[in-house]
Amino acid sequence: MTSNESLQLPRKYCILCVDDDLIGLELRAALLEEAGYSVTAVSCPLMALEHDVAKFHMAILDFAMPVLNGFQLLLRLRAARASFPIVLLSGMTRNLPNDIRSVFSSCLDKGEPIHLLLNTVRSYLTSIPDPPECGDVRPLPRRHGL
């Protein structure tokens, strides 16, 4: 076993990340991939709805996005039968009413240390016994030179 193999998780968990801030989205996706997760990073909420929700184990959504905000996207994902945890990661979580915050599995602020997000992801995904493979979920191409 190589040192890279020992750092990877024994199973691939698939995470859908949606945020219109491309730099933050790409950095978050890279950190999650480095932690051993498979990430589909999407910068448009409507494009997120084009993916088969059955392929994901978790979603991380921003709130303030054009066309659909994170709450509206969560409602559409649930209507598409997404049963996985959905975490809100936004710069404005504390300003949102409790009735919106309460529909998310967790609410985190973007300004918090990244280990809080990684711990939250780990806490939800380790409770999934023998996750199915990610299948044909492919991350969107990333822009280089940011």
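Two strands are taken as paired if DSSP finds at least two bridges between them. The views below show a predicted model.

**View 1. Parallel pairing joins the five strands of an open sheet.** The strands follow the order β2-β1-β3-β4-β5, and the edge positions belong to β2 (38-42) and β5 (106-109), each of which pairs on one side only. Between neighbouring strands of this sheet the average turn is 20°, with direction ignored. Helix α2 (residues 22-34) packs on the sheet, where it touches β1 (14-18), β2, β3 (58-61) and β4, and the direction of α2 makes about 175° with that of β2. Helix α6 (residues 114-125) also packs on the sheet, in this case touching β1, β3, β4 and β5, and its direction makes about 155° with that of β3.

**View 2. Strand β3 is covered on both faces.** Met 58 and Ile 60 lie on one side of β3 and Ala 59 and Leu 61 on the other, and all of these residues are buried.

**View 3. Strand β4 (residues 86-90) meets β5 in parallel pairing, and Asp 109 is part of β5.** Four bridges link β4 and β5, and Ser 90 has Asp 109 of β5 opposite it. Because its relative accessibility is 11%, which is under the 20% limit, Asp 109 counts as buried. If residues up to four places away in sequence are not counted, Asp 109 touches Leu 89, Ser 90, Gly 91, Met 92, Thr 93 and Arg 94.

**View 4. Helix α4 (residues 70-79) has buried residues at Gly 70, Leu 73, Leu 74 and Leu 77.** These residues cover an arc of only 105° around the axis, and therefore lie on the same side of α4. The buried residues of the helix pack against β1, α3 (45-48), β3 and β4. At the start of α4, a side-chain oxygen of Asn 69 comes to within 2.9 Å of the backbone nitrogen of Phe 71. After the helix comes Arg 81, which has a positive phi, near 75°.

**View 5. Glu 26 is a buried residue of helix α2.** The relative accessible area of Glu 26 is 15%, and since buried means under 20%, this residue falls in the buried class. Glu 26 and Ala 41 are 15 residues apart along the chain, and a distance of 7.2 Å separates their C-alpha atoms.

**View 6. Cys 17 is buried, whereas Cys 107 is partly exposed.** With a relative accessibility of 0%, Cys 17 counts as buried. A search of the whole structure for disulfides finds zero.

Terms used:
Residues are numbered from 1 along each chain as its sequence is written. This is a predicted model: local features need pLDDT of at least 70, side-chain atom pairs count only at pLDDT 80 or more; totals for chains, interfaces and linings use all residues. Side-chain values use heavy atoms; hydrogens and water are left out. Helices (H or I, at least four residues) and strands (E, at least two) are DSSP runs, numbered from the N terminus. Axes are lines fitted to C-alpha atoms, for helices over the stretch in contact, and angles run from 0 to 180 degrees between N-to-C directions. Contact means heavy atoms within 4.5 Å. A disulfide is a pair of cysteine sulfur atoms within 2.5 Å. Buried means under 20% relative accessible area, exposed over 50%, partly exposed in between (1.4 Å probe, protein chains only). The arc is that of the directions from the helix axis to the C-beta atoms. A polar contact is a pair of N or O atoms within 3.5 Å; within protein, one must be able to donate a hydrogen and the other to accept it, and residues adjacent in sequence count only if both atoms are side-chain atoms.
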